[in-house]
Amino acid sequence: MSARHYPAQVDVVIVGSGPTGSAYARILSERAPGATIAMFEVGPTVSEPPGAHVKNIADPAARARAQVASEGPGERGEKVANPGAAKAGVRGARPGTFLLEDGYAFDGEDGMPVAAMSSNVGGMASHWTGACPRPNDSERTDFVDDLDELLDEGDRLLGVTRDAFDSAPFGAIVRERLAAAVDAGRVDATKVQRMPLAVHRRDDGRLVWSGSDVVLGDATRENPCFSLFDESLVMRVIVEDGRAAGVVVRDLRSGEEHRVAARFVVVAADALRTPQLLWASGVRPAALGRYLNDQAQVVFASRLRDMPPLAEDAPTTGLAEYSGVSWVPFTDDMPFHGQIMQLDASPIALAEDDPVVPGSIVGLGLFCAKDLRPDDRVVFDDDHVDGYGMPAPRIHYRLTAHDHEVVERARREIVRLAEAIGDPVGDRPFTLPLGSSLHYQGSTRMGVADDGTSVCDLDSEVWGVSGLFVAGNGVIPTATACNPTVTSVALAVRGARAIAASLA
Ligand SMILES: Cc1cc2nc3c(=O)[nH]c(=O)nc-3n(C[C@H](O)[C@H](O)[C@H](O)COP(=O)(O)OP(=O)(O)OC[C@H]3O[C@@H](n4cnc5c(N)ncnc54)[C@H](O)[C@@H]3O)c2cc1C
């Protein structure tokens with residue numbers, strides 16, 4: 001699938017090989033089989049098949065090499081496997097990701113100190129947790145009237161399941177206790193439930209985590225008209241007469257620059273680098289980079305109380321096998337998204353003095369929806385460049401008084417939930433540094449009209465530049481608290497269908 005001879009011309013160029021770029025490749029392969037597609041990815045291939053999740057790499061040393069290779073062009077920064085254990089204010093990146101070198105906070109602002117990216121074939125989805133909850137209430141992009149059908153497609157492309165941890169001996173107990181504390185007055189969709197996860201169990205019992213390889217699928221891998229070029233930096237989208245006409249791409253192995261003509265260009269380069277590439281291309285609508293929002297995150301831990309002894313045949317292949325991943329959905333009344341899971345998969349440190357039943361300490365995380373403000377933004381200028389020589393992202397970001405109130409509510413609520421399921425570990429929850437959620441939204445947001453508050457239309461086509469599409473969490477126009485990838489993949493499906501229809 002990897003190729004080195006850049007074509008002079010294709011039907012569709014896709015920039016970025018994360019799950020949203022891959023969704024375009026997959027839908028186009030299914031719906032427009034004769035269309036030529038070139039996908040350019042600045043990072044290297046780190047897993048097999050290309051885009052696979054690094055957790056599926058059995059050898060720990062090989063997995064660590066894949067993570068380091070994903071960590072971008074600059075100095076390798078401090079790594080924290082458990083950012084919950086990091087004291088507030090410590091900047092550390094999760095394995096497989098890298099942070100902005102500077103420009104992440106300005107005087108008098110909160111900034112986003114741990115805003116992170118990944119550069120590898122598969123993007124962040126080679127490193128993610130795979131939680132794929134659906135948005136509820138004000139999280140939903142309701143002006144997209146086929147949203148539910150698109151989310152079904154998102155589940156299909158990401159390989160989402162709900163039963164991977166059904167044999168976990170403590171899962172039902174955790175959910176029962178959470179439900180008793182939370183469910184009163186909720187409709188079925190917002191009651192406590194198993195977290196939909198992009199993971200499946202093989203016949204031999206091993207878990208396989210979905211990465212972009214699953215999104216691409218055989219339909220893309222076997223499409224003779226599809227090519228993936230890794231270590232290829234797209235520097236500029238060429239716009240001629242108000243239409244996308246191709247890209248300028250640098251082969252990072254040779255340093256050579258190429259011009260690739262295209263009828264359609266899809267920029268799926270994450271919520272910081274999609275606006276970067278548009279800005280570098282002179283495409284600068286008023287809303288570009290604005291309405292940036294991250295989900296402030298509060299974490300805590302609880303030791304499950306009164307646990308039954310484990311059965312003889314209880315799973316032994318890892319802590320995550322004991323209580324699975326549970327979901328407390330967001331509602332407008334309770335504007336947090338709750339993810340409750342084993343500590344080996346959760347960003348908080350295990351208690352050191354833990355003589356307890358394996359798997360009986362669970363981590364709780366609440367993600368908060370942000371007040372949307374145009375002044376929260378990523379900007380670019382000609383004076384600062386990043387490690388690739390592109391205009392460096394610089395972030396202006398503030399929590400409002402309402403945001404602070406929501407975080408305080410989340411801190412109280414997480415203590416209540418921890419007490420409902422067991423005995424809290426530690427005396428108070430952590431509020432993680434801003435940017436920890438890894439869910440940055442809004443920077444290329446979708447809208448119903450070209451009124452200066454959005455960058456693209458309902459098909460993700462950039463206002464005023466026909467043939468130029470944007471993809472990723474930046475397209476989501478609402479302040480979600482839930483993990484956003486299945487939503488951004490769903491929105492990408494709609495854009496890909498629009499391109500396929502034009503190519504037919
Ligand atoms: C540890 C971790 C846990 C996470 N857990 C979850 C979770 O449970 N649920 C969830 O929904 N989300 C989770 N996320 C976030 C999730 O991975 C992202 O939402 C998702 O990967 C975004 O997909 P994307 O295609 O928009 O962008 P990305 O996956 O970020 O891919 C963008 C790609 O574009 C490439 N690129 C950028 N600029 C250029 C350029 N100029 N030229 C060529 N290529 C370029 C990048 O190198 C990158 O590979 C997690 C992330 C991490 C790191």
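This is a predicted model: local features need pLDDT of at least 70, side-chain atom pairs count only at pLDDT 80 or more; totals for chains, interfaces and linings use all residues.
Residues are numbered from 1 along each chain as its sequence is written, and side-chain values use heavy atoms, with hydrogens and water left out.

**View 1**
Most residues other than glycine have a negative phi, and most peptide bonds are trans. The peptide bond from Glu48 to Pro49 is cis, with omega near -5°. Leu438 is not a glycine, yet has a positive phi of about 65°. Leu438 is in the loop between β19 and β20. Ser460 also lies in the loop between β19 and β20, and its phi is near 70°. Helices (H or I, at least four residues) and strands (E, at least two) are DSSP runs, numbered from the N terminus. Ser460 is buried, at 1% relative accessibility. Buried means under 20% relative accessible area, exposed over 50%, and partly exposed in between (1.4 Å probe, protein chains only).

**View 1. Packing of helix α3 against helix α9.**
Two packed helices are described by the angle between their axes and the distance between the axes. For α3 (residues 147-158) and α9 (residues 485-503), the angle is about 105° and the axes are 8 Å apart. Axes are lines fitted to C-alpha atoms, for helices over the stretch in contact, and angles run from 0 to 180 degrees between N-to-C directions. The two helices, α3 and α9, are therefore roughly perpendicular. Angles under 35 degrees count as roughly parallel, over 145 as roughly antiparallel, 65 to 115 as roughly perpendicular and the rest as oblique. Residues of α3 that meet α9 include Leu147, Leu150, Leu151 and Leu158. Those of α9 that meet α3 include Val486, Val489, Ala490 and Val493. By class, this contact of α3 with α9 has ten nonpolar, two polar and five charged residues. Contact means heavy atoms within 4.5 Å. Ala, Val, Leu, Ile, Met, Phe, Trp, Tyr, Cys and Pro count as nonpolar, Asp, Glu, Lys and Arg as charged, and the others, Gly among them, as polar.

**View 2. The Arg497 to Glu153 salt bridge.**
Arg497 forms a salt bridge with Glu153, the closest N and O atoms being 3.8 Å apart. The pair links Arg497 in helix α9 to Glu153 in helix α3, 344 residues apart. Arg497 is buried, at 16% relative accessibility. Glu153 is buried too, at 14%. A salt bridge is a side-chain nitrogen of Lys or Arg within 4 Å of a carboxyl oxygen of Asp or Glu. The structure holds 29 salt bridges.

The side chains of Arg494 and Asp459 meet in a salt bridge of 3.0 Å, N to O. Arg494 is in helix α9 and Asp459 in the loop between β19 (430-431) and β20 (468-470), so the pair ties together parts 35 residues apart in sequence. Arg494 counts as buried, at 17% relative accessibility. Asp459 counts as partly exposed, at 25%. Salt bridges that share partners join Arg26, Glu30, Glu149, Glu153, Arg156 and Arg497 into one network.

**View 3. Arg394 in strand β17.**
Arg394 lies in strand β17 (residues 394-396). At 12% relative accessibility, Arg394 is buried. Beyond its neighbours within four places in sequence, Arg394 is in contact with residues including Asp102, Phe106, Asp381 and His384. UniProt, in an unreviewed entry, places the feature "domain: Glucose-methanol-choline oxidoreductase C-terminal" at residues 384-492. UniProt positions are given in the numbering used here, feature names are shortened, and annotations may be inferred rather than shown by experiment.

Gly34 is in the loop between α1 (19-31) and β2 (37-40). It counts as exposed, at 61% relative accessibility. The C-alpha atoms of Gly34 and Pro224 are separated by 8.7 Å, though the two are 190 residues apart along the chain. Helix α5 (residues 212-221) has buried residues Ser212, Asp213, Val215, Leu216, Gly217 and Thr220. Their cover includes α1, β2, α3 and β8 (226-229).
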